[in-house]
Amino acid sequence: MKVRRGTVSVLVVSLVLLAAVPLSSADEAGNLTIKAGTISSFDPMNLFKYRPWNAVNYIGFTHVGLVRYDEHLNILPCLAKDWKISDDGKSITFNLVEDAKWHDGKPVTADDVKFTFDYNKKHDLSIAYLYKNYYDHVEAKDDHTVTLYATEPIGATLLRSLVGAYIIPGHIWENVADPEKYDGKDGMVGCGPFVFQRYDPVAAEAKFVANPDFFLGEPSIDAVNYKYYRTMDSMLLALKKGEIDTTFDYYMPVPGVYAATIADASDINLGAVPDVGVLLNLEFGYKRFLEMMNESQFKRFREAVSYAVDYQEIVDMISAGYGEVPGRGYVPPTAQGFNPDIPKLEHNITRANQILDEIGFVDTNNDGVRNLPDGSELSFSVTPPIWKQDNVRATEVICNQLSDAGMNAYVDKEVMSNEDRCDQRIFKDRDYYICIYYSTPSSIQYDGGGVNCANMTGSDGTCSDPELIKLVEDVRYSKTLEERSKAVEALQEYYSEELPMIALDWARILFPYRTDRFGNWTIQDGYGNMNMNTWFSLKEA
């Protein structure tokens with residue numbers, strides 16, 4: 001029989017216990033504790049660091065949002081028990097549950113919801129990315145009714161974006177001027193199913209215990225321990241030895257090349273699921289390339305790059321065969337509105353060389369590197385997000401493949417040892433030539449991946465083509481599933497013709513977990529086994 005330890009008041013007091021208390025694998029008899037490994041370093045006293053706590057809260061952990069996903073990424077109620085999108089699509093009114101409390105016992109109100117979005121807008125934080133960019137205002141009607149207003153008719157798309165918009169307590173954060181540097185002992189207080197208990201900085205472990213007063217019910221497990229590992233190899237070794245039960249990083253599945261090392265291990269399920277996102281893509285930096293060549297040349301250059309890439313080699317080397325050659329329409333087969341008639345991408349180095357010759361990019365001095373018409377070399381860097389190991393490896397492979405067509409493509413060394421510099425280049429300055437990035441399942445569901453390539457409100461891309469922007473807006477502004485499917489189909493046609501970005505792999509992604517201690521894991525499409533549903537479905541094996 002399970003033994004529950006402590007009450008909410010005891011848990012909150014434990015927030016002050018930051019001493020290096022070892023998080024032993026031998027918890028009290030009867031307690032059910034998930035032990036999860038992560039390769040993202042963490043500071044458990046700050047919600048707003050890039051990873052992993054904002055990622056964990058995306059799935060509902062210490063903090064939750066107005067809505068949540070089921071295992072198939074359908075929208076379910078969470079802090080909001082129901083909602084209504086306005087006829088013009090510019091606002092959503094939410095009716096909140098009435099029994100939600102913060103971990104310190106104070107009630108969750110509509111004022112907290114209003115505060116959350118105002119605070120994120122003010123400090124340019126990561127919660128509810130789309131809402132920040134289409135922000136107008138939030139109005140708290142009463143304690144349990146709140147309306148979110150946007151500047152454009154994005155109601156249906158906005159609702160889906162709110163899955164990751166976890167709500168924060170206004171009474172704690174209202175006096176915090178710099179949230180990303182805050183290290184107060186109350187910084188992890190939320191209203192979610194788990195409460196931060198303690199952190200061992202020596203062992204790089206953090207422990208969270210179940211919230212018995214969570215408004216959606218008590219989790220079926222007592223605690224979750226997260227442990228940081230410096231490398232994927234050390235984390236997977238711990239999984240094989242039974243030191244952890246599973247792995248977790250937001251949309252950072254275990255690369256397929258590791259499948260063989262764990263597939264034959266006893267009591268381990270690979271957790272392979274079809275990707276709802278695009279795990280690897282190639283994004284063109286329009287600004288940088290248009291400084292090098294004109295628009296006509298650049299379009300044909302993108303086509304040449306598409307032929308120079310050996311997609312099957314990417315699938316084999318990076319995903320170890322857990323994937324397939326993608327289509328020119330970018331959007332994966334798992335997505336709503338997928339168009340199966342758009343052709344697959346093709347590796348054809350002869351065609352790549354022919355196109356480059358036709359636009360005058362030829363090797364004039366016989367040094368193996370093509371020259372532009374002005375005599376300069378066709379030379380450019382390729383930037384990966386350095387926090388994703390498979391993307392870094394893919395970048396090296398891509399550079400080698402492009403060199404076969406006479407392009408001097410090289411790994412962007414400036415960002416390889418500096419995550420902040422990498423983040424600055426990709427998201428803020430957008431000053432890359434080529435970025436080997438990805439579209440999360442949410443990105444595909446928001447706007448068919450437009451967030452990755454379009455230079456427009458609510459996106460990180462570099463392409464300012466009015467046609468692309470109109471197509472992405474059509475997806476975002478869709479009011480029905482039928483409208484949205486048609487808009488996604490039209491967007492795929494544009495991707496196929498213009499190639500503003502290229503999918504490199506339609507993958508089956510791995511989220512391995514052990515089956516000897518726990519059963520009844522819930523696998524969420526695209527994101528794996530660590531999710532809100534798992535907290536309530538897990539049972540002792």
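**Ground rules.** I'm working with a predicted model, where local features need pLDDT of at least 70, side-chain atom pairs count only at pLDDT 80 or more, and totals for chains, interfaces and linings use all residues. Residues are numbered from 1 along each chain as its sequence is written, and side-chain values use heavy atoms, with hydrogens and water left out.

**Whole chain.** I find 19 helices and 22 strands (DSSP runs numbered from the N terminus: H or I of at least four residues for helices, E of at least two for strands). The radius of gyration is 24 Å, close to the 24 Å from the globule rule for 541 residues, so the chain is as compact as a globular protein of that length. That radius is taken over C-alpha atoms, and the rule is 2.2 Å times the number of residues to the power 0.38. Along the principal axes, the C-alpha atoms fill a box of roughly 75 × 55 × 40 Å.

I also checked burial: 60% of the 541 residues count as buried (under 20% relative accessible area; exposed is over 50%, partly exposed in between, with a 1.4 Å probe and protein chains only). For contacts (heavy atoms within 4.5 Å) between residues at least 6 apart in sequence, 70% join residues at least 24 apart.

**Back to H14.** This helix covers residues 419-429, and Cys422, Arg425 and Ile426 are buried in it. They cover an arc of only 80° around the axis, which puts them on the same side of H14. The arc is that of the directions from the helix axis to the C-beta atoms. An α-helix has 3.6 residues a turn, so residues three or four places apart point the same way. On the other side of H14, I see Asp420 and Lys428 exposed. What do the buried residues of H14 pack against? I get strand S16 (379-383) and strand S18 (434-439). After H14 comes Arg430, with a positive phi near 50°.

**Then H7.** In this helix (residues 232-240), the buried residues are Met232, Met235, Leu236, Ala238 and Leu239. Their arc is only 155° around the axis, which puts them on the same side of H7. I noted part of their cover, including strand S1 (33-38), helix H8 (259-263) and helix H13 (389-403). Gly242 follows H7, and its phi is positive, near 80°.
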